[in-house]
Amino acid sequence: MLHIPGLYIAHTDKRGRGVFTAEIIEAKDIIEVCPLIMIPKDQLATIHQTVLHDYYFLWPTDEGKACMALGYGSIYNHNFEPNAEVIFDLNTTEIVIQSLKTIDVGDEITIDYTGGIRESTRLWFEVK
């Protein structure tokens, strides 16, 4: 796992834990590179019956796989107007979290779980 030194986990009022920054992050900065645990297609249905359901990513290929991000990767909260994005590195099998804009000290770092497809994607929780 590779991440900027100022990342930390803190409790949020509405969403449980979240990832925050203790230093300014500039637009397009790489925040974290997360190694992954790949979940084979035939095991994906099982994860829906566990607490891990809320923490996995679908792998963006037609193989039907998914993955769990290590480091802080699976703890970033959702926002339809995120300040960071998830980049899937298909070659290294890693997830890169990159800032979309400047993120100030003390701000929560958020990603869009729908990949920008808002209206056509239903989330499994109520957006607060």
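In which loop does K28 lie? In this predicted model, local features require pLDDT of at least 70 and side-chain atom pairs count only at pLDDT 80 or more, while totals for chains, interfaces and linings use all residues. Residues are numbered from 1 along each chain as its sequence is written, and side-chain values use heavy atoms, with hydrogens and water left out.

K28 is placed in the loop between β3 (16-21) and β4 (30-39), strands being DSSP runs (E, at least two residues) numbered from the N terminus. Its phi is near 75°, a positive value in a residue other than glycine. K28 counts as exposed, at 51% relative accessibility; exposed denotes over 50% relative accessible area, buried under 20%, and partly exposed the range in between (1.4 Å probe, protein chains only). A positive phi, of about 55°, is also found for T93, likewise not a glycine. T93 belongs to the loop between β8 (84-89) and β9 (94-99) and is partly exposed at 31% relative accessibility.

With a disulfide defined as a pair of cysteine sulfur atoms within 2.5 Å, the count is zero. C34 is in no disulfide, the nearest cysteine sulfur, that of C67, being 9.5 Å away. That separation is too far for a bond. C34 is buried at 0% relative accessibility, and C67 is buried at 0%.

E108 is located in strand β10 (residues 108-111) and is buried at 13% relative accessibility. The side chains of E108 and N77 are joined by a polar contact of 2.6 Å (a pair of N or O atoms within 3.5 Å; within protein, one must be able to donate a hydrogen and the other to accept it, and residues adjacent in sequence count only if both atoms are side-chain atoms). Residues up to four places away in sequence aside, E108 touches T12, R15, G18, V19, F20, N77 and N83, contact meaning heavy atoms within 4.5 Å.

Notes: Helix = DSSP H or I, 4+ residues; strand = E, 2+ residues; numbered from the N terminus.
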